[in-house]
Structures are given as structure tokens and as C-alpha cells.
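Here is a short report on one protein model. Look over the sequence and the fold before reading on.

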Amino acid sequence: MKSITRKGLNFIQKIGATPILLKIVHLPAVNSFFSFWEKRSLDDYRREYLLLKKYLDKAGLSLSGLSVLEVGSGGSVGMGYFFVAAGCKSWLATDLYSNLLTDANWIRNEKKIVGEISKKYWSEVKSFIKFNGDKIKIKPPFKFRKLDITHFNKSFENTFDVVISQAVFEHIDRKKLPAAIKNLSRYIKKGGIMIHEIDLRDHINVICPLNFYRYGEDRWNKLTRGTIFYTNRLRASDYKKEFMINDLQEIFCRSEVEKKALAPAPAISKDFQRYSKADLATTKLFTILIKH
């Protein structure tokens with residue numbers, strides 16, 4: 001989330017206008033504006049690349065020579081540029097909502113990103129990404145397509161060495177998440193790896209990032225369903241259970257715990273009273289898994 005967005009949400013909460021924001025953000029035009037407003041810059045993608053590479057190094061892994069499927073990339077190839085430049089075999093960037101192939105706003109933004117990469121890091125990138133006005137042509141080893149991971153795509157089965165997602169799983173309906181994880185596990189080859197970063201915080205309340213525990217499921221869905229602020233509110237333990245069900249073994253894990261997140265403790269809905277305090281206080285999960 002951009003710093004200016006965080007400051008804006010902070011101000012909205014302080015003046016007690018969050019309910020008004022939640023009402024207007026249901027409007028399609030407003031929701032689309034927020035989605036594009038939160039688009040990432042080249043610096044954001046480079047930070048993501050360097051952080052992911054750091055964790056891969058700690059796990060003794062490299063993506064060199066491997067085929068990668070990134071889900072929820074937004075309307076960009078993003079950090080895929082850096083990984084391919086470093087030796088990755090191929091990179092398929094996918095997203096359910098943002099379409100780099102047809103949306104002029106995302107195409108113009110990608111043109112800016114590619115231009116900056118060409119000047120600062122990798123001049124050859126322009127051989128693979130071509131622009132003609134508000135049109136884009138993407139050549140291998142890069143690809144982009146729209147993809148709904150909650151529906152199985154037979155053509156992807158046993159195709160990729162690696163599947164990556166960043167801040168995607170928490171936005172999937174909790175009833176559809178098991179199918180999404182199962183599908184992704186079928187897309188990677190035996191011995192392949194999955195890399196997921198999951199943001200477990202309230203996406204609208206930056207002052208009290210675990211404030212959403214106070215709402216029951218029906219109330220929460222009514223407030224946020226269909227907006228960029230919706231999250232399924234599943235906890236780290238829920239995701240780990242789903243990984244185990246799909247024979248995905250965790251080989252690296254890093255979690256962040258906000259010690260003051262539950263102090264003073266918010267009112268907690270009965271929906272969350274079965275979780276441990278540690279599970280409730282975990283605000284981010286980064287995991288690398290291998291498929292057996």
C-alpha cells in the first residue's frame with residue numbers, strides 16, 4: 001500500500017469516516033480507481049525481487065533455468081523482468097482483474113516501467129516487450145494472461161517449476177481458497193516449488209491492523225465484499241493446513257507478529273475465538289513449499 005494511501009486511510013479513520021468510505025468503494029468506478037491507484041512502480045518491483053531472492057538464497061534455492069507462473073501480478077510482468085534477466089527460463093504473469101494486454105492505462109504504465117528497466121538494469125528487455133501507441137506485444141520468455149485460479153485450467157497441469165504469489169491468497173473467498181491451492185499444486189511439476197507471501201492484516205484499518213476480528217462473517221462480507229479492502233481473514237494456521245492437504249512441504253517460513261496488535265485486545269467475534277493468541281497476532285506469512 002502506498003504511503004499516501006496509508007496516510008489517507010489513517011486520516012479517514014481518525015475523523016470516523018470509514019463507514020462512508022466502505023459505502024462509496026462498492027461503486028465499480030471507485031473500486032477500479034483504487035486498484036489502478038495502487039499500481040506498483042519499478043522500485044516496488046525491484047524491492048520485491050530483492051526480498052524474494054534473499055529468502056530463496058536462505059532456502060538454498062535459485063530460479064535460474066526454471067519456468068515460473070506468477071498469480072495476481074496486477075497489470076504488469078513486474079518482478080519477472082528481474083528474474084528473467086538473472087537467468088529464469090520463462091515467466092507467465094497472470095491476474096484475474098487487471099489486463100495488461102488490453103487496458104490502455106496498464107499498457108502506458110508498463111511502457112514506463114520497461115523504459116526505466118532498459119536504462120537502469122537490462123537494455124535487452126526491449127527485445128521482448130514492444131509498444132505501438134496503446135498496444136503491447138509480449139514475446140517469450142515473457143507471457144501475460146488473465147487467470148482465475150479458483151477454476152482448474154487443464155492446459156497448465158504439470159507445466160511449471162515454480163508458482164509465486166504476493167498478497168493474493170487473502171483476497172480469495174474462504175470457500176474457494178481450497179480449490180485455488182489445489183489447482184496451483186497441480187500446475188507445478190513433482191519437486192516444483194510454491195512461494196507465497198500472505199498479508200494477514202485488515203486492509204483498511206492501518207491504525208489497528210487486526211480490528212477486523214470484531215466483525216462476524218456476515219457483517220464483514222456486507223462491509224467489504226466486492227471491494228479491494230475485502231480479505232477472507234483466514235489465519236496462518238488455516239493456510240498451513242491447506243498446504244499439507246495438498247502434499248506441499250514447507251521448507252522455509254518467515255512470519256511477522258505485531259506484538260501490540262492485540263493490546264489493547266479488540267472485541268473478538270466468536271468466529272475467531274478458536275485461534276491461539278499467536279495465530280491471531282500473526283500479520284504476515286512468507287512460505288516456500290515443495291511438491292512431493
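## Starting from Leu-63

Leaving aside neighbours within four places in sequence, Leu-63 is in contact with Leu-56, Val-68, Phe-83, Gly-87, Cys-88, Lys-89, Trp-91, Val-162, Ile-164 and Ile-193. Keep in mind that this is a predicted model.

Leu-63 belongs to the largest nonpolar core, which has 37 residues. Leu-63 is among the residues with the most contacts inside this core, along with Tyr-81, Phe-83, Trp-91, Phe-142, Ile-164 and Ile-195. Helix α4 gives the core its largest share, six residues. A second core is separate and has 27 residues, including Leu-147, Ile-172, Ile-181 and Leu-248. There is a general pattern behind this: in soluble globular proteins, nonpolar side chains tend to be buried together.

## The sheet

What is the order of the strands in the open sheet? The seven strands run β5-β2-β1-β6-β7-β9-β8, and their pairing is mixed. The edges are β5 (142-146) and β8 (248-257), each of which pairs on one side only. On average, neighbouring strands of this sheet are turned by 15 degrees against each other, direction ignored.

Look at two pairs of strands. β6 (residues 160-166) and β7 (residues 188-199) run parallel and are joined by six bridges. Here Ser-165 stands opposite His-196 in β7. β1 and β2 also pair in the parallel sense, over five bridges. In this pair, Glu-70 faces Ala-93 in β2. Strand β2 (residues 90-95) is mostly covered, with five of its six residues buried.

## Helices on the sheet

Which strands does helix α4 touch? Helix α4 (residues 42-58) packs on the sheet and touches β6, β7, β8 and β9 (282-291). The direction of α4 makes about 55 degrees with that of β9.

Helix α7 (residues 177-187) packs on the sheet too, touching β1 (67-71), β6, β7, β8 and β9. The direction of α7 makes about 140 degrees with that of β7. The buried residues of α7 are Leu-177, Ala-180, Ile-181, Asn-183, Leu-184, Ser-185 and Tyr-187. They pack against β1, β6, β7, α9, β8 and β9. One of them, Ile-181, is part of the second core.

Helix α9 covers residues 236-245. Ala-236, Asp-238, Tyr-239, Glu-242 and Phe-243 are buried there.

Take Met-244: its relative accessible area is 63%, so it counts as exposed, for which the cut-off is over 50%. The C-alpha atoms of Met-244 and Leu-289 are separated by 9.8 Å, although these residues are 45 residues apart along the chain. Just after α9, Asp-247 takes a positive phi of about 55 degrees.

Gln-166 lies in strand β6. Is Gln-166 buried or exposed? Gln-166 has a relative accessible area of 13%, so it is buried, a label for values under 20%. Leaving aside neighbours within four places in sequence, Gln-166 is in contact with Arg-40, Glu-48, Val-71, Met-79 and Glu-197.

Ser-118 is found in helix α6 (residues 104-120). At 16% relative accessibility, Ser-118 counts as buried. Leaving aside neighbours within four places in sequence, Ser-118 is in contact with Ser-123, Val-125 and Lys-126.

## Cysteines

How many disulfides does a search of the whole structure find? The search finds zero. Cys-88 has a relative accessible area of 5%, so it is buried. Cys-253 is partly exposed, at 30% relative accessibility. Cys-88 is also one of the contacts of Leu-63, where this report began.

Methods. Residues are numbered from 1 along each chain as its sequence is written. This is a predicted model: local features need pLDDT of at least 70, side-chain atom pairs count only at pLDDT 80 or more; totals for chains, interfaces and linings use all residues. Side-chain values use heavy atoms; hydrogens and water are left out. A disulfide is a pair of cysteine sulfur atoms within 2.5 Å. Buried means under 20% relative accessible area, exposed over 50%, partly exposed in between (1.4 Å probe, protein chains only). Two strands pair if DSSP finds at least two bridges between them. Helices (H or I, at least four residues) and strands (E, at least two) are DSSP runs, numbered from the N terminus. Axes are lines fitted to C-alpha atoms, for helices over the stretch in contact, and angles run from 0 to 180 degrees between N-to-C directions. Contact means heavy atoms within 4.5 Å. A nonpolar core is a set of buried Ala, Val, Leu, Ile, Met, Phe, Trp, Tyr and Cys residues joined through side-chain atoms within 4.5 Å.
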